[in-house]
Amino acid sequence: MKYAIGIDIGGTKIAAGIVNEHGDLIQQELVSSDPSSKEAMFQRVVQCVEQLMNHSSIPLQEIYGIGAGIPGKVDREKGIAVFQNNVPWRNFPFVDRLREALGIERIIVDNDVYMAAFAEWRAANMSDKELFVYLTVSTGISCSIIQGGRYIRGAGFAGELGLIPIDTKKEKEPLIRLENAASGPAIQQKARSIYKNDQMFTKDIFENYIRGDAKAEQLVEEMVLVISKGVYIINCLLDPHTIIFGGSVMAYNPYLIEQIKKKLEPYLLAEQSHILESMEINKLNNGQGIIGAGLRACDL
């Protein structure tokens, strides 16, 4: 049996786990991120992996390789974290540093959403002719596109759905980016303004929504509308066979997918409506980032 370490790196937390070649997540560890500096952030990654191995029955010499998902733009060939919004690693030589710290030669890096998408694509059992989209709604909003087991990458930055400009309700307001209107932090910021409470968090909004609070209902309705517009753009450009939704906002509030479908349906032509039956919440319970990274490492 081949084993690898998968690492899922984010601005608020770092998760690492041992994954076998079949995609089973055997054990995992979680630490908080420290984006105060590039070195502080990197040391948290090393700490997470070391804690994982200290608690594991599988010795380090049986680990075939490491896969790491990093936010933003990644130079996969050189192993460099090029650009991120929420991690301080501009042109950071991640692979060289991790090899030096852990003594493991086989290391692969990619964008974190691409890593998660690979795991979900494997779980979806797509045929070579089918086009698959994994869309994440969390700290940011992004997507990854796979067809026939191959990513559609463009020049290297394809899938950044959250950067797409959308219109606003107010005539004199400029266009804003989709993730600045509908990501977890975006709706949290709106909620703090509306409720006049700096202690409001994203989870509180959805708890209030479930209780029927009018302010929360308005916030969630606006978020769903914005995400629906993003899905419609994806559908028009790619006409995917399947869209899988991931990220903490969707995973913890799975009822949102039905609301997105309702908002999306009036936009669709008859030839596009097949997507309504092929939109699902992720199958891997938020472990897809670790699993995808581990599987990619097993394939090295």
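**Exercises on helix packing and nonpolar cores**

Helix α5 passes helix α7 in a right-handed crossing, where right-handed denotes that the near helix is turned clockwise from the far one by less than a right angle, and left-handed anticlockwise. The model is predicted, with local features requiring pLDDT of at least 70 and side-chain atom pairs pLDDT 80 or more, whereas totals for chains, interfaces and linings use all residues. Residues are numbered from 1 along each chain, and side-chain values use heavy atoms, without hydrogens and water.

**Exercise 1.** Describe the packing of α5 against α7.

*Solution.*
- Step 1. Helices are DSSP runs of H or I with at least four residues, numbered from the N terminus. Here α5 covers residues 184-195 and α7 covers residues 214-238.
- Step 2. Their axes (lines fitted to C-alpha atoms over the stretch in contact, with angles from 0 to 180 degrees between N-to-C directions) come within 11 Å and cross at roughly 150°.
- Step 3. α5 is therefore roughly antiparallel to α7, a class for angles over 145 degrees.
- Step 4. Contact (heavy atoms within 4.5 Å) involves I187, K190, A191, I194 and Y195 of α5, and K215, A216, L219, E222 and M223 of α7.
- Step 5. These residues comprise seven nonpolar, no polar and three charged; Ala, Val, Leu, Ile, Met, Phe, Trp, Tyr, Cys and Pro count as nonpolar, Asp, Glu, Lys and Arg as charged, and the others as polar.

**Exercise 2.** Carry out the analysis for α5 and α6.

*Solution.*
- Step 1. Helix α6 spans residues 202-210; its axis lies 8 Å from that of α5, at an angle of about 70°.
- Step 2. α5 is thus roughly perpendicular to α6, the class for 65 to 115 degrees.
- Step 3. The crossing of α5 and α6 is left-handed.
- Step 4. G184, P185, I187, Q188, A191 and Y195 of α5 meet T202, I205, F206 and N208 of α6.
- Step 5. This contact has six nonpolar, four polar and no charged residues.

**Exercise 3.** Which residues have the most contacts inside the largest nonpolar core?

*Solution.*
- Step 1. Such a core joins buried residues (under 20% relative accessible area, 1.4 Å probe, protein chains only) of the types Ala, Val, Leu, Ile, Met, Phe, Trp, Tyr and Cys through side-chain atoms within 4.5 Å.
- Step 2. The largest has 40 residues, and L135, M223, V231, I243, F245 and M279 have the most contacts inside it.
- Step 3. Its largest share, nine residues, comes from α7.
- Step 4. Apart from it lies another core of 33 residues, including I18, V46, V87 and F92.

Note on methods:
Helix = DSSP H or I, 4+ residues; strand = E, 2+ residues; numbered from the N terminus. Parallel < 35°, antiparallel > 145°, perpendicular 65-115°, else oblique. Buried < 20%, exposed > 50% of the residue type's maximum accessible area, 1.4 Å probe, protein only.
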